[in-house]
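Here are my notes on the model, point by point. Please read them with the structure open.

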Amino acid sequence: MEPGKSNGVAIVTGAASGIGCSVAHALGSAGHSVAIVDINGDGAASAAETIGRETGATTCWQSVDVADREACSGAYRQILETLGKPGILVNNAGIMVRRKGRLEDIPPEDLDEMIAIHVGGTLNWSRLVIPDMRQAGFGRIINLSSCNAVTAVPYRIGYVTAKKAIRGVTEALALETARAGITVNAVAPGYILTDELKRRSEAGFLDFDSIAERTPVGRWGRPEEIADTISFLASENAAYITGATLVIDGGFTIRADPGEDLATFAE
Ligand SMILES: NC(=O)c1ccc[n+]([C@@H]2O[C@H](COP(=O)([O-])OP(=O)(O)OC[C@H]3O[C@@H](n4cnc5c(N)ncnc54)[C@H](O)[C@@H]3O)[C@@H](O)[C@H]2O)c1
């Protein structure tokens, strides 16, 4: 590979569904070969087949828990054999808040799992790819944080902690790798309407209408809108962006509540 050039191989974790699947699709459409890594093997196989068929990209899949370091090493070896060394890694695998509550009422295992998957998974896959990216003189790592990296939401301490930590991982790794042609960035989505969040909102865990109303642009985001941004960050053109956490939330995070009734001014 020419230094500073992408070799066209991308790994996307958590790509069996939701945002990750859209990211894998976008990278496939942009001409990359894509490895789909997910704990859901059937979903990963099906996403790999669909993305290959729809985009013409070479795809492969690995069924693995990103929190399991050994299993990730094995999966990475398989990907190297099938597709070759990656120029792009998207650390997207994640779980939603299982139950809201005060720290003292949440089972400690829930919090451990949240950190192990989001933060541990991001570190595990970054540790695997960075030596190969250093050797190639090119790399793009994009981590999925959340608008909770910028603000905080009460009674979801595990998720908030994990997503803020991902911002820290992103900045520290960006500094470690900047001279090696590797960029490390995070995206921080607001409310993005995946199948899982549709189900959660139907189950009453989230209030669909009030989230749309609270969002300045007046709607939920679409997975493809996150995928398009990630696709740009993964490109050679994004070489001067590193260590950034890019909020993509329709203005949700910047909106403060002044506690006044401003309805008369609304459009
Ligand atoms: N949807 C949103 O509104 C939103 C907002 C902010 C941040 N995010 C983040 O974006 C990422 C993707 O979220 P999504 O909404 O697409 O979720 P999703 O549930 O639709 O998809 C997550 C995928 O990750 C996989 N996964 C879960 N645990 C795993 C593990 N241990 N190992 C490997 N794979 C695992 C799941 O099987 C699934 O395919 C997550 O990191 C999430 O925290 C989502």
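Which elements do the buried residues of α5 pack against?

1. Helix α5. The model is predicted. The buried residues of α5 pack against α4, β5 (139–144), β6 (182–189) and β7 (245–248). The buried set in α5 is Gly158, Tyr159, Ala162, Lys163, Ile166, Arg167, Val169, Thr170, Leu173 and Thr177. Note that Lys163 and Arg167 are on that list. The helix covers residues 157–177, 21 residues in total. From first C-alpha to last, α5 reaches 30 Å, close to the 30 Å expected at 1.5 Å a residue.

2. Tyr155 is found in the loop between β5 and α5. Look at its backbone: Tyr155 has a positive phi of about 65°, although it is not a glycine. Tyr155 counts as partly exposed, because it has 14 C-beta neighbours inside 10 Å.

3. Helix α1. This helix has twelve residues. Its span from first C-alpha to last is 17 Å, close to the 16 Å expected at 1.5 Å a residue. Eleven of the twelve residues are buried, so α1 is largely enclosed by the rest of the structure. The buried ones are Gly18, Ile19, Gly20, Cys21, Ser22, Val23, Ala24, His25, Ala26, Leu27 and Gly28. Just after α1, Gly31 takes a positive phi of about 100°.

4. The ligand shell. The ligand is surrounded by 27 residues. Gly14, Gly18, Ile19, Gly94 and Ile192 are the closest. By class, the shell has 13 nonpolar, eleven polar and three charged residues. Two helices, α1 (18–29) and α6 (195–202), each supply at least two residues of the shell. The largest share, three residues, comes from α1.

5. The nonpolar core. In soluble globular proteins, nonpolar side chains tend to be buried together. Here the largest nonpolar core has 70 residues. Val12, Ala15, Val23, Ala24 and Ile36 have the most contacts inside it. Helix α4 (residues 108–136) gives the largest share of this core, eight residues.

6. Val12. Which residues does Val12 contact, leaving aside its neighbours within four places in sequence? They are Gly20, Val23, Ala24, Leu27, Val34, Ile36, Val37, Val90 and Asn92.

7. Val37. This residue sits in strand β2 (residues 33–38). Val37 counts as buried because 31 C-beta neighbours lie inside 10 Å. Leaving aside neighbours within four places in sequence, Val37 is in contact with Ile11, Val12, Thr13, Ala15, Gln62, Val64 and Ala75.

8. Gly52. Buried or partly exposed? Gly52 counts as partly exposed, because it has 18 C-beta neighbours inside 10 Å. Its place is in helix α2 (residues 41–55). Beyond four places in sequence, Gly52 is in contact with Ala57, Thr58 and Thr59. Gly52 and Val34 are 18 residues apart in sequence and 8.7 Å apart in space, C-alpha to C-alpha.

9. Helix α8. In α8 (residues 223–233), Pro223, Ile226, Ala227, Ile230, Ser231 and Leu233 are buried. Seen down the axis, these buried residues fall within an arc of 155°, so they line one face of α8. An α-helix has 3.6 residues a turn, so residues three or four places apart point the same way. The cover over the buried residues of α8 includes α1, β4 (88–91), β5, β6 and β7.

10. Ala234 lies in the loop between α8 and β7. Ala234 is buried, with 27 other C-beta atoms within 10 Å. Not counting residues up to four places away in sequence, Ala234 touches Ala10, Leu27, Ile88, Arg140 and Ile142. Ala234 and Ala10 are 224 residues apart in sequence, yet 9.0 Å apart in space, C-alpha to C-alpha.

Note on methods:
Residues numbered from 1 in each chain as written. Predicted model: local features only at pLDDT ≥ 70, side-chain atom pairs only at ≥ 80, totals over all residues. Near = placed C-beta within 6 Å. Helix = DSSP H or I, 4+ residues; strand = E, 2+ residues; numbered from the N terminus. Nonpolar A, V, L, I, M, F, W, Y, C, P; charged D, E, K, R; others polar. Core = buried A, V, L, I, M, F, W, Y, C linked by C-beta atoms within 7 Å. Buried ≥ 20, exposed ≤ 12 C-beta atoms within 10 Å, placed from the backbone. Contact = placed C-beta atoms within 7 Å. Expected span 1.5 Å × (residues − 1). Arc of directions from axis to C-beta.
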